[in-house]
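Here is a short briefing to read alongside the structure. Take a moment to turn the model around before going through the points below.

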Amino acid sequence: MIVDYGFAGDFPSRSFRLEANGQPVWVVETPPMDAGERQRLADEYRKLPDYCHIYDPACMHLHYAHLGAEGDVQVAVAADEEIRTFLVLPSRRGVGARAEGRVLRFSSGPGDPRYFVVRINDLPPLMVVIDAPEKERPVPGGAGVIDAGLFLSDPTGGVDQTPNFERAFAAANGSGKTLLVPAGTYSVSQLHLGHARNFHLYLAAGCLLRVRPSARGENEHRHGLWLQDCEKVSVTGRGCIDHQAYEHYVLGGNNYQHGMMDYHTANEMCPWITQSPLFVTGSRRVRIEGITIRNGRNFNLNCRGCDDVVIRHVKILTPPACTPEYADGINTGSCRGVLIENCLVACNDDSFASGHYFATYDRRASENHIVRGLLGWNLRGSGVRLGFFADHDQGDFTFEGCDFTAITHTSLLVHALRPKADGQLSRYGTIRVVDCSFDARRLEFLISVEKAAIGKLELIGVAFEGRPRAGALFSVEGDPAAPIELLLLKNVSCDGRRITSVDQISARIADVAQVSVV
């Protein structure tokens, strides 16, 4: 059985139709744009600093289909023109893609994650998102279920429901129960959960939380959902938080840099800490699972000063049209015990970043991040970025089974850390990248480690896919005061060739105690 997780009222794709196991599935545009508008906005971005330029105007927005199914799904994508070229990414998934006429067919395979980026000719990217069907959905009237529909007055998006959500949250807080938000479109200003304890927020399939954009020139900063100082709270389901960045910035004419002093200074109005679709601060034992976040104004899933955080099967869809920069997919700081599994991140900045300069919230060392099965798509920035302007120890980072495509700066960017308040050196622990692939075709650096104090840097089973740009350096520089103990390259390949010596690539390696290539 195929379950279509599309939202009523979304704009249908003008480029694609899709069937899964022979059943039609809704394909939508986010945000809706024709080719002329994509080019116009790309031209506007070219008036900004060069790091905001988009090399492919077709990628200004996304088309996507979201469905639920078990096992191996046969996918058929019909384009509005004859298919000349195509890609189904991650390419190493081996999906057996084939095209005939205007139809591209491929198999998802049975294993998670079943998330794919499809490129056909010069058409916009198509995200094909396949999740397992929900087996135990809460229902109104069920044991331990509070129906938020009893508090909400308008499921059409016409009337702001923020006060009604606040009443529903108060009823669920501390109850140990599930607050079920039924299908519908709900207009909200900002949903703020402060000091919440022991309950489960469930956004049902078809539930769309639409965050109100500011009127032209108003530029009021709003998170979508803010969990502040919470404990044992989960947010799950097949619902969606739509932050309406395109409506706020492009259509509304509001300045995306409003409140920003510079790249290093956080303040009460700074976009980084005042406009995230999902903002989680000072919380413990938090689980985010299954939801979609789209059209984010700034860092999409933004987590600061939290312990024991699990993020699974989250889909982030914030293409360049939403904002020219500051649109990291998942961003953490001063967090401990973070597990990220099987997520899709399509954004306009680094897919995953940690340790980023939020003095307001990042007051302690980070510890133990594990990222598994992440598919990242971002036309600017890096696949992974660690430690920008941070002044605390960052702990260990492990990346397993991840794929990053379309990136332009580098695969992994590791910044030098600033000294601690007492003058002592801030350090990373072990950074391990295992069984991961990086699209290398447009990278300025294959890897960039900028005089960072790292215990060990281990690349195991890593593939740099495609022919790198001329001069793309493999640059690893440790801190002269604390050289990297070990740089390990084990079964690493570049453009299909296994690297057996650093002499095979353009490399700059300094302040590394031991280099091992096996």
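What percentage of the 518 residues in the chain is buried? Buried residues make up 60% of them. Please keep in mind that this is a predicted model, so every value here is computed from predicted coordinates. The secondary structure comes to four helices and 48 strands.

**Overall shape**

- The radius of gyration of the chain is 22 Å, which agrees with the value near 24 Å that a compact globule of 518 residues would have.
- Taken along the principal axes, a box of roughly 65 × 60 × 45 Å holds the C-alpha atoms of the chain.
- If you look at contacts between residues at least 6 apart in sequence, 76% of them join residues at least 24 apart.

**Aromatic pairs: an edge-to-face example**

- The count of aromatic pairs in the model comes to twelve.
- One of them joins phenylalanine 165 and tyrosine 186 in an edge-to-face arrangement, with 5.9 Å centre to centre and 85° between the planes.
- This pair links distant parts of the chain, since phenylalanine 165 sits in helix 2 (residues 162-172) and tyrosine 186 in strand 15 (residues 184-188), 21 residues apart.
- Phenylalanine 165 has a relative accessible area of 1%, so it counts as buried, the cut-off being under 20%.
- Tyrosine 186 is likewise buried, because its relative accessible area is 3%.
- Phe165 and Tyr186 also belong to a cluster with Phe169, linked by ring pairs.

**Aromatic pairs: a stacked example**

- Phenylalanine 404 and phenylalanine 438 form a stacked pair, with 5.2 Å centre to centre and 5° between the planes.
- Phenylalanine 404 lies in strand 36 (residues 403-405) and phenylalanine 438 in strand 39 (residues 437-439), so this pair ties together parts that are 34 residues apart in sequence.
- Both partners, phenylalanine 404 and phenylalanine 438, are buried.

**To find in the viewer**

- Which residues do ring pairs link into a cluster? Look for Phe165, Phe169 and Tyr186.
- What is the angle between the planes of phenylalanine 404 and phenylalanine 438? The two planes are 5° apart, and the pair is stacked.

Key: Residues are numbered from 1 along each chain as its sequence is written. This is a predicted model: local features need pLDDT of at least 70, side-chain atom pairs count only at pLDDT 80 or more; totals for chains, interfaces and linings use all residues. Side-chain values use heavy atoms; hydrogens and water are left out. Helices (H or I, at least four residues) and strands (E, at least two) are DSSP runs, numbered from the N terminus. The radius of gyration is taken over C-alpha atoms; the globule rule is 2.2 Å times the number of residues to the power 0.38. Buried means under 20% relative accessible area, exposed over 50%, partly exposed in between (1.4 Å probe, protein chains only). Contact means heavy atoms within 4.5 Å. Rings of Phe, Tyr and Trp (its six-membered ring) pair if their centres lie within 6.5 Å; planes under 30 degrees apart count as stacked, over 60 as edge-to-face and the rest as tilted.
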